[in-house]
Amino acid sequence: MRKGALKKKQRQLEELHLDRREALGELVLGMYVQNSWDDDLLARGSAEVAEVETELNELIAGKEPEGPSATEKDFPVTGEHRLPTMEQDYPATGEYTAEHTVPVTGEHTSEQPLPDSGEHDYPATGEYTAEHSLPESAEHTAEHEAAAPKLTRAEKKAAKKEKRERERRAKEEAKAAEAEPQTAEQKTVVTEPAKPSEPTGTPTPSAAAPTPSAAAPTPSATASTPSAPAPASTPATPEKPAAKPSETKKPIEVPPPPAPPEPEPTDPLDLLEKQITDSEAKAKTALEAAKASRQADAQTELAAITREVESGRGELDEALKRTAAAIAAAEEKAAQAEARLTRETASSREAAAEWVRGQAAEIEADAALAAEMSGKQEEPAQSGDPDPVLAARVTSLEAELAAEKAAKEEALAKAAARLQEIEQSAKLAEARVEAAEAAATEAQSKAAAAPASDGASEAEAREAAVNWLRGQISALRQEIAKSDETGKQEGGS
Amino acid sequence: MALFNRGGQSGRERRAMQDHLRELDEMRRSNLSDLGQMTVEMAAQGRFDRQRLSEGAAEVVKIDREADLIARGLEEGLTLQELEDLARGVDGSGSSAE
């Protein structure tokens, strides 16, 4: 760094140092005035002053400071410094005029062409001005041409039928017009033989004339109004039956031409009147149709009801017959049951009478027997002496009883004595067994004490001990068996 | 000269007042700088002596008060005597401002 620059920087640092010191003094002054001391804030301010001071000292010492200088950092920490301005945001040309494309901010001036907004389709909001075509709704004003009313299927049919009728009539007229010169020719030519027409009693209606259909006797509610030249009028003007063949040459009577169609009214009132008339006619037709259908329905219903009544009557008659038969059968059964009951009652009455008679006979027999027995008992009561045989028997029995008692007492005494003997002998036997056991133990101890003696003497001693013990045990058993036998004998006696 | 008089204040008084105001301003800056240096030293020691700081700040407050008075005298064209009276009245304690 050059010397001048260093000096300049030093000067700047000195000024900054002074400013910061003063600022710190102002801070202390503010705290004093407000009497609100903040050590942290003071420390921070002091650090800033110390930073500048350090840098200044370093610069004075000839040491170039590293990093950004405090003078450069002396900006607020808001980030407002060194930020690009709005002017820098433009390209270097700076040519931003109204001729350029407009940004997508939606800010359009009058100099820029607007997008063809007027030619856009309207949204489906239903907002249509008078200049636009009307939607298909029922809202028609007088300024707009009213749309043709939608015809129903039946109305269309009726219109078609009417049209066909008109065409047919026109054809008839045309035919009649053609036939007229022919008849004139026929009148002039007399020599030509005429075909004899069949004499018919009934008038033959025109072939082209519509005949009323039998399948449709009732007019439809939706049918159109009947046309003026009704088919019924055709048979009303029949041709006279030709009495002679020459009379067939008479000209055909042509029906009067139909009235020319009325011109279509253009006045809305006339249109309305026509519509009203049409609707009235339709209503009338519908009314007639309804009446006819009601009548037909009533007839049909009546017939159905009559049939139902007849069938019900037949069913009722059959049911009545069945009921009568059932009643007759029931009466017959009841009669049979009554007869059976009568028979059973009579038989049971006879049986009861027999049983009563039998009981009476038995009672009489019992009474006779009782009378006989009472007569026999009175006879021994009158004698009164005791029987000596019976008395001897009683004394002998008493003697036997006493002897038996004495024998039993004697046997009991003997048994008690014998029991004492057995107890004593058992005690003795126990003593002997104990003595034998003691002797055996002694012998074993002796055998163990003298192992040096020969094996033969030891075996002999053992066998002798065992034999003695066996003898003692068998003797004891014999004694016990004897005592048991004697006990049993005494108990049985 | 009467045209340039502002009340009873003479030009000399005015200049004196202006000079005194500059002096006061310098003194204020100096005192503030000293106060700041004192704060830095206290921060280096790790402890702030509020008594000393209050004394230094009170000196600055006195300077501010006198400077305000002089500025008012300059604005209103008061004489030095008037200014002294005003200072006594303002002070209320009988001691005049320096």
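**View 1. Chain A is built from helices.** Chain A carries 7 helices and 0 strands, helices being DSSP runs of H or I with at least four residues, strands runs of E with at least two, both numbered from the N terminus. Along the sequence the pattern reads α-α-α-α-α-α-α. This is a predicted model, where local features need pLDDT of at least 70 and side-chain atom pairs count only at 80 or more, while totals for chains, interfaces and linings use all residues. Residues are numbered from 1 along each chain as its sequence is written, and chains are lettered from A and ligands numbered from 1 in the order in which they are written.

**View 2. Where chain B meets chain A.** Here 15 residues of chain B are in contact with 16 residues of chain A (contact: C-beta atoms, placed from the backbone, within 7 Å). On chain B's side, helices H1 (11-45) and H2 (50-76) each supply at least two residues. H1(B) gives the largest share, 9 residues.

**View 3. H2(A) against H1(B).** Helix H2 of chain A (residues 39-60) packs on H1(B) at an angle of about 100°, with the axes 9 Å apart; axes are lines fitted to C-alpha atoms, for helices over the stretch in contact, and angles run from 0 to 180 degrees between N-to-C directions. That makes H2(A) roughly perpendicular to H1(B) (65 to 115 degrees; under 35 is roughly parallel, over 145 roughly antiparallel, the rest oblique). H2(A) brings Leu42(A), Ala43(A), Ser46(A), Val49(A) and Ala50(A), and H1(B) answers with Gly36(B), Thr39(B), Val40(B) and Ala43(B).

Note on methods: Two residues are in contact if their C-beta atoms, placed from the backbone, lie within 7 Å.
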